[in-house]
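Please read them with the structure open.

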Amino acid sequence: MYFKCKLSSCKKKFQTELHRIYHEEDDHEIIKPKKCKICKKQFERKSTFIRHQQLEHETNHLVEFLEERYRGIIVEPASRKIARREVQKVFDELGKYFGDGIFSNNFRKSGSYSTDTKVLHADEFDFDVPLRFCLEKLHLNREGKKVFYHFTQRQKTLNLNVPMKVVDTRSWEGIPQGYVEVVTEDGEKIVPRIIQEELYTNLLCAIKNVDGIVDVLKEPKGPALTVKIKKPGLPHITVDLSASISTNQVTLSDYKWPREKTKIGLTKKLIKSINDAGLHLIPKNPKFWYISVSRTGQALMNGIDSNDNGCRKKCHKLLKADFQTWLGRSSNNLPGISTMIFKHQLFWFNEDNPKLDWSPTKTAERYLDMLEDLGKRLRSGILYNYFKDYENILQDRDLQVLNQLANLVDARRQELAMMG
């Protein structure tokens, strides 16, 4: 990243903002007096002011800036309460249509709402919709198993308003790694696509009686169905609902977690809590159920600062807020990038650096360290799932977009470092 002289007739560029300011003051006599907020000293030149901060106050100004920014990104309790009330109305009505069917109305919080890592606005909510199954009577076919069925449509459609029927076939398809086929004791296949279609039908019935619902998207967002709510005086609210099957037939030990390094960085109590949270299945593929680690991730995020009253979640929230800023400034909206990447990067960074001081007074230093680490991982195109370390979650992302985000991360780190 380069810093261009602000004088339109000058084309010179500089590697740091301070060198640009020196140039503007010395060559163009652009003088900008400044006052230090910390010690109240007055400076005739902006460059002298910046050097004063670097030499006299070290990271104090950066700490002050990040604290002020953090206060500005926290979701107000009143906003959260109002949004949650509107979401509950959807659930109350939706539960009436479940009855004794396959869906339970015991909705489970997921995503940032379940870990208190939501920033800026209470306008997005994620929930699991559990399926009513006797878990002991479900059979899970694991990766490598041959599956002899397909959908009747020649061209598979994502739109849920077009039913897709399953038929047996002589041709076969192998179950991908990280996925399972779910079969009842009677041999009935529980097909994710069909489950999503039924949930979509229930949602269409429910919205007729809920004031404020403006749409149910007919194309799933990953494993989730999205409901949009709009009420006067409130921001648009989106609710993502994902069908979910709890299972104890697959555990983290199947993925050799916890690792030996994990046991150094996390307490025994937290590791037990993560294992107890367990894995569950979500409809990430039309045919096969994805083995999700989101609940274990929730348990880790909720307990990650418990042993030292640390600032890890705080740094994670600051990164999510910066990401929202980058999205607004980008011309392409950074396709394929989600904050799930930042969560796994935090987990790995914490594990790879067990001796780092995460006390609240070190927020500024740790945030700069996290940004440096994230930039390197994005440029390498490698960031493994923290719980399933064979799975590179950046594998299918566009390399140009990853580099674009890495540039934004590096620029942010440089910008913040200049404050200290």
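1. Start with the pairing of helix 10 and helix 11. Helix 10 passes helix 11 in a right-handed crossing. The model is a predicted one.

2. Which residues make the contact of helix 10 with helix 11? Helix 10 supplies Arg-312, His-316, Leu-319 and Phe-323. Helix 11 supplies Phe-342, Lys-343, Gln-345, Leu-346 and Asn-350. By class, this contact has 4 nonpolar, 3 polar and 2 charged residues.

3. Helix 10 also packs against helix 12. The angle here is about 55 degrees, and the axes are 10 Å apart. Helix 10 is therefore oblique to helix 12. The crossing is right-handed.

4. Now the residues of that second contact. From helix 10 come Lys-314, Cys-315, Leu-318, Leu-319 and Asp-322. From helix 12 come Thr-363, Arg-366, Tyr-367, Met-370, Leu-371 and Leu-374. They divide into 7 nonpolar, 1 polar and 3 charged residues. Note Leu-319: this residue is listed in the contact with helix 11 and in the contact with helix 12.

5. Arg-377 pairs with Asp-352, with the closest N and O atoms 3.0 Å apart. Arg-377 lies in helix 12 (residues 363-380) and Asp-352 in helix 11, so the pair ties together parts that are 25 residues apart in sequence. Asp-352, at 33%, counts as partly exposed.

6. Next, a network. Salt bridges that share partners join Arg-69, Asp-322, Arg-412 and Glu-415 into one network.

7. How many salt bridges does the model contain? The count comes to 31. Side chains of opposite charge can pair when their charged atoms come close. Two further pairs are worth checking on screen.

8. Lys-137 forms a salt bridge with Glu-185, and the closest N and O atoms are 3.8 Å apart. Lys-137 sits in the loop between strand 6 (124-130) and strand 7 (138-141). Glu-185 sits in the loop between strand 10 (179-184) and helix 6 (192-207). The pair therefore ties together parts that are 48 residues apart in sequence. Lys-137 is partly exposed, at 44% relative accessibility. Glu-185 is exposed, at 56%.

9. The second pair is within a helix. Lys-272 and Asp-276 meet in a salt bridge, 2.8 Å from N to O. Both lie in helix 8 (residues 268-277); because they are 4 residues apart there, about one helical turn separates them. Are these residues buried or exposed? Lys-272 and Asp-276 are both exposed.

10. Last, a strand residue. Ser-244 is found in strand 13 (residues 237-247). Ser-244 counts as buried, because its relative accessibility is 1%. Leaving out residues up to four places away in sequence, Ser-244 touches Asp-128, Val-129, Pro-130, Leu-131, His-280, Leu-281 and Arg-295.

Note on methods
Residues are numbered from 1 along each chain as its sequence is written. This is a predicted model: local features need pLDDT of at least 70, side-chain atom pairs count only at pLDDT 80 or more; totals for chains, interfaces and linings use all residues. Side-chain values use heavy atoms; hydrogens and water are left out. A crossing is left-handed if the near helix is turned anticlockwise from the far one by less than a right angle, and right-handed if clockwise. Helices (H or I, at least four residues) and strands (E, at least two) are DSSP runs, numbered from the N terminus. Contact means heavy atoms within 4.5 Å. Ala, Val, Leu, Ile, Met, Phe, Trp, Tyr, Cys and Pro count as nonpolar, Asp, Glu, Lys and Arg as charged, and the others, Gly among them, as polar. A salt bridge is a side-chain nitrogen of Lys or Arg within 4 Å of a carboxyl oxygen of Asp or Glu. Buried means under 20% relative accessible area, exposed over 50%, partly exposed in between (1.4 Å probe, protein chains only). Axes are lines fitted to C-alpha atoms, for helices over the stretch in contact, and angles run from 0 to 180 degrees between N-to-C directions. Angles under 35 degrees count as roughly parallel, over 145 as roughly antiparallel, 65 to 115 as roughly perpendicular and the rest as oblique.
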